[in-house]
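Please read it alongside the sequence and the coordinates.

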Amino acid sequence: MRVPVRALRRLGYRILAYLDDFLTAEREADRTRVDCAVGLFEWLGIIINYPKSTVGPTQQIEHLGFLIDSVAMTFRIAPKRHEKFRKAARDCLDALAAGRRVEARAVSRVTGHAASAALVLDRDSRVFTRFLNDAVRDAAADRRWSTYVTLNDDALAELRRWADAIPTLTTTPIRRPQRPTTHVVLATDASDFAFGGGVVEAPHLTNARWRDVRGAFTAAEMRRGSTWREMRGALGVLTGVGRDAVESRVVDLRTDSLSFMQIFEKGGSQTRDDDNGLALHRAFLDIERAAQDLDVNLRVVWVPRSMNTWADEMSKVADPFNFSVRRDVFDGLDTRWGPHDVDRFAGHQSALLARFNSRWWCPGAEAVDTFSVSWAGANNWLHPPNALITRVVAKLHGDQARGTLVVPRWTAAPWWPLLREGSSAVIDRYTIPGDAFVAHEQTAFLGNGRAATYTMLAIRVDFGRRL
């Protein structure tokens, strides 16, 4: 069909050819140009199936399963294809509900409909078929389409999504809208053990540039590949800078990971990890869900490493005080002296309470720099770095606050007279076992087999009480 298509294009026709289906678009309803095109096909001996063809000018037409409207300038899935798509998804779900197994052929029929409707579905046709495609991967490789396949929870969720979403599919504009102007720019990077970054530009915030985000990876996360860590770090930065920085805004997320950017642009990844799972795609979906929760129009932008040095430096910061008391020890003290309201020195991994303050911006932090907020009126859980204990005691005294303070038994320390037994602010105390600490990163002083070499105390204090 190259000959007639090439000839018509030379004559100025805008023509879309797919096998033996042709669609032309003209600015005006010129019947003579239609007759010219029809005449060329007939002169070449190509038989036109007139009952299935529209050979007159029209502003609404069905082509390759889509309804094209040149007045509204929209594409829409044709009703017949719409019904086939819905039935394919429902047939799989109905079979599983009845206790029957599903063949690879039936699952592939669903993913095929999604792929063929990409003109309307756009990225969703790839984003929400990854687990279904993974389920039939081995059968498809050997062309064993009658093989029964196992669908995990993620694949079932994709099936249900299509079964529920298909009836609501409406139209998509032929002219895709341009992306609005960027409001906020974030930077992100990840090292072997941590992620870092923060706000680069946010004109609506005061001192936004100082919103440094930093978080550590767990031991299991550290064993993941570098691209996965980059994506997990990006999620931490996006959710860690604070809702007021990004909510309902157009956000560019800068990264020096080309793989991460490509995965985001393609709508996920089909790459299997060592456990035969789609870890990269799950990481992508976590970012998508976070962006949706924050109502963020998100774009991932690649930059050279030389332009991402700040985020790179933040990702390599070690935090030796990223440890906490064991959960069972905390629960016992919370029963004894609680309930506690706020963990004043924590991170998103080490926090023992839903409300916590952190050193850096991180996911879930209620405040950054705990000394900048009032401690009065709350039952505070305080496990500060040793170098800050003097400042913590002064803050408790200044705010007339109460709480549980975890400190070493250093009788020569300048703050010890205020915390020794018999002091007016001290109510009770508990000796914490030296091995009752959990490390949340590899550089932590305590935990991961490292026990305290000095006595650790939990001291119940109330600097606001009157004797």
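## Terms and basis

Contact here means heavy atoms within 4.5 Å, while helices (H or I, at least four residues) and strands (E, at least two) are DSSP runs numbered from the N terminus. This is a predicted model, in which local features need pLDDT of at least 70 and side-chain atom pairs count only at pLDDT 80 or more, whereas totals for chains, interfaces and linings use all residues. Residues are numbered from 1 along each chain as its sequence is written, and side-chain values use heavy atoms, with hydrogens and water left out.

## Helix 13 and helix 14

In the contact between these two helices, Phe260, Ile263 and Phe264 of helix 13 meet Leu280, Phe284, Ile287 and Glu288 of helix 14. By class, this contact of helix 13 with helix 14 has six nonpolar, no polar and one charged residues (Ala, Val, Leu, Ile, Met, Phe, Trp, Tyr, Cys and Pro count as nonpolar, Asp, Glu, Lys and Arg as charged, and the others, Gly among them, as polar).

Helix 13 (residues 258-266) and helix 14 (residues 279-293) have axes 11 Å apart and pack at an angle of about 70°, which makes helix 13 roughly perpendicular to helix 14. Axes are lines fitted to C-alpha atoms, for helices over the stretch in contact, and angles run from 0 to 180 degrees between N-to-C directions; those under 35 degrees count as roughly parallel, over 145 as roughly antiparallel, 65 to 115 as roughly perpendicular and the rest as oblique.

## Helix 1 and helix 2

The axes of helix 1 (residues 2-10) and helix 2 (residues 31-43) come within 11 Å and cross at roughly 150°, and the two helices are therefore roughly antiparallel to each other. Pro4, Ala7 and Leu8 in helix 1 meet Ala37, Leu40 and Phe41 in helix 2, a contact of helix 1 with helix 2 that has six nonpolar, no polar and no charged residues.

## Buried positions

Helix 9 (residues 153-165) has buried residues (under 20% relative accessible area, with exposed over 50% and partly exposed in between, for a 1.4 Å probe and protein chains only) that include Leu156, Glu158 and Trp162. What covers the buried residues of helix 9 includes helix 3 (79-97) and helix 4 (104-116).

Ala378, in the loop between strand 17 (367-368) and strand 18 (379-382), counts as buried because its relative accessibility is 9%. Leaving aside neighbours within four places in sequence, Ala378 is in contact with Asp341, Arg344 and Arg402, and the C-alpha atoms of Ala378 and Ala401, 23 residues apart along the chain, are separated by 7.3 Å.
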